[in-house]
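Please open the model in a viewer and keep the selection tool at hand.

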Amino acid sequence: MAADGRPYEPPMLTRVLSNATMGGVGFLCRSFLYGLSSTEVHGLDAFLDLLKERGDPSRRERGLITVSNHISVLDDPGLWGVLPYRLHFNANNHRWSLGSHDICFKNGKSLISGFFSLGNTLPIHRIAHSSHGGLFQPTMTQVIRLLSDPHGQPLKSTTEEDSSSPSFPPDDPFTSSQLTYTTTGTDSFPAPSAYLSNRHAWIHVFPEGRIHQHPQKTIRYFKWGVARLILESEPCPDVVPMWIDGFQDVMDGRRGWPKPIPRPGKQTGVWFGERVDHEAVFGGFRERWRLLVERAAKENETDGKHEGSPSGSKIGVIDNDELRYGKEAEQLRIEVTAAVRNEVLKVRRRTGLPDEDPKSSLAATWREEGDDLQGEKKD
């Protein structure tokens, strides 16, 4: 039991089912990659050492973000088939991912929704398909808290009585009495960050935000969500860039019948980059963010506003318009996102691919795109 009354970890039945789900899917993925495909992997040993360091949740000091290009519907969980079988049966030390609400969680409390929840997947709304999408949707708060340790960061207070308060403010929608959260106001999903055992978790993201199959193996511009994860998680997470290839042949966007079946006999590859020096690459950005937050907090105090203060007491929540939409905040997110994309391009370069056209990093380049045969659509 956590200090504030929350359970330390999910119920045993949930843990058993989650381990079984992750293990079963991982078994199938690894069997496919090494039994029915030709798969090459680079940099795996260093990544396995990192996962070994993170094996004991109580000893984790920061979260982990893996980030890669997105080339097929099979990328996740398919790419994780390169991990040893034994690692798939420990859901607590496996990745959390984001699944489209309109695909993976469309039917609410259905078996499919339950399957994805047990498979360490959180529902994300896409603006093109939902009015609940965007950079500040509730699942983003959930992810930032998974990467952080909200349980170990008591609120700032001026009295001794207040200093013993739980990590979450009383008006926080993720409070200890609620082990679920809502993405629309009417749905309900498990809130994994409510459990202390999930502190400093591992999150995998595809910042392109959609599948991109291109003959020259370029990547689209990255969206700003990954910048929020790096700027707002405490402390700064470890970031491991990755590059994947071949899955676009296993699940080609133009494939015919039987469309749901992965194509065997293809060449696939997974490249793990080195752990990014978070202080050298992201330290300056995070300092600029801290100063923005402090300035917004002072302005709130000057205006006599006490609620909605951006002081950081609500981890993963931004309720200040300047921090949401201000030019400085947006420019900072652009720069962080570009830095993350550059780390992925470094791994891409190691595969032997030539440097891409610099215009590929710009959102304007992809605003008007080709037809479905090119695997491209309007955002």
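A residue is called buried when its relative accessible area is under 20%, exposed when that area is over 50%, and partly exposed in between, using a 1.4 Å probe and protein chains only. The model is a predicted one, in which local features need pLDDT of at least 70 and side-chain atom pairs count only at pLDDT 80 or more, while totals for chains, interfaces and linings use all residues. Residues are numbered from 1 along each chain as its sequence is written, and side-chain values use heavy atoms, with hydrogens and water left out.

**First stop: R95**

Select R95, in the loop between α4 (85–88) and β3 (97–100); helices (H or I, at least four residues) and strands (E, at least two) are DSSP runs, numbered from the N terminus. R95 has a relative accessible area of 5% and is therefore buried. Which side chain does R95 join through a polar contact of 2.8 Å? The partner is D76. A polar contact is a pair of N or O atoms within 3.5 Å; within protein, one must be able to donate a hydrogen and the other to accept it, and residues adjacent in sequence count only if both atoms are side-chain atoms. The side chain of R95 also reaches the backbone oxygen of G119, at 3.0 Å. Leaving aside residues up to four places away in sequence, R95 touches several others, including W80, W202 and H204; contact means heavy atoms within 4.5 Å.

**Second stop: the nonpolar cores**

A nonpolar core is a set of buried Ala, Val, Leu, Ile, Met, Phe, Trp, Tyr and Cys residues joined through side-chain atoms within 4.5 Å. Select L229, I230, F282, W289, V336 and V340, which have the most contacts inside the largest core, a set of 50 residues. The largest share of this core, eight residues, is supplied by α13. Now centre on V340: residues up to four places away in sequence not counted, V340 touches V67, F222, V226, I230 and F282. Another core, of 24 residues, lies apart from the largest one; L48, L64, V240 and V270 are among its members.

**Third stop: salt bridges**

A salt bridge is a side-chain nitrogen of Lys or Arg within 4 Å of a carboxyl oxygen of Asp or Glu, and by this rule there are 18. Select R199 and D149, whose closest N and O atoms are 3.2 Å apart in such a bridge. This pair links distant parts of the chain, 50 residues apart, and both R199 and D149 are buried. Select next E234 and R286, whose side chains meet in a salt bridge at 3.2 Å, N to O. E234 lies in the loop between α9 and β8, whereas R286 lies in helix α11. Is R286 buried or exposed? With a relative accessible area of 16%, R286 is buried, while E234, at 33%, is partly exposed.

Remain at E234, which a cis peptide bond joins to P235, with omega about -10 degrees. A cis peptide bond also joins W257 and P258, with omega about -5 degrees. Finally, select H200, which is not a glycine and yet has a positive phi of about 50 degrees. H200 is placed in the loop between β6 (189–190) and β7 and, at 3% relative accessibility, counts as buried.
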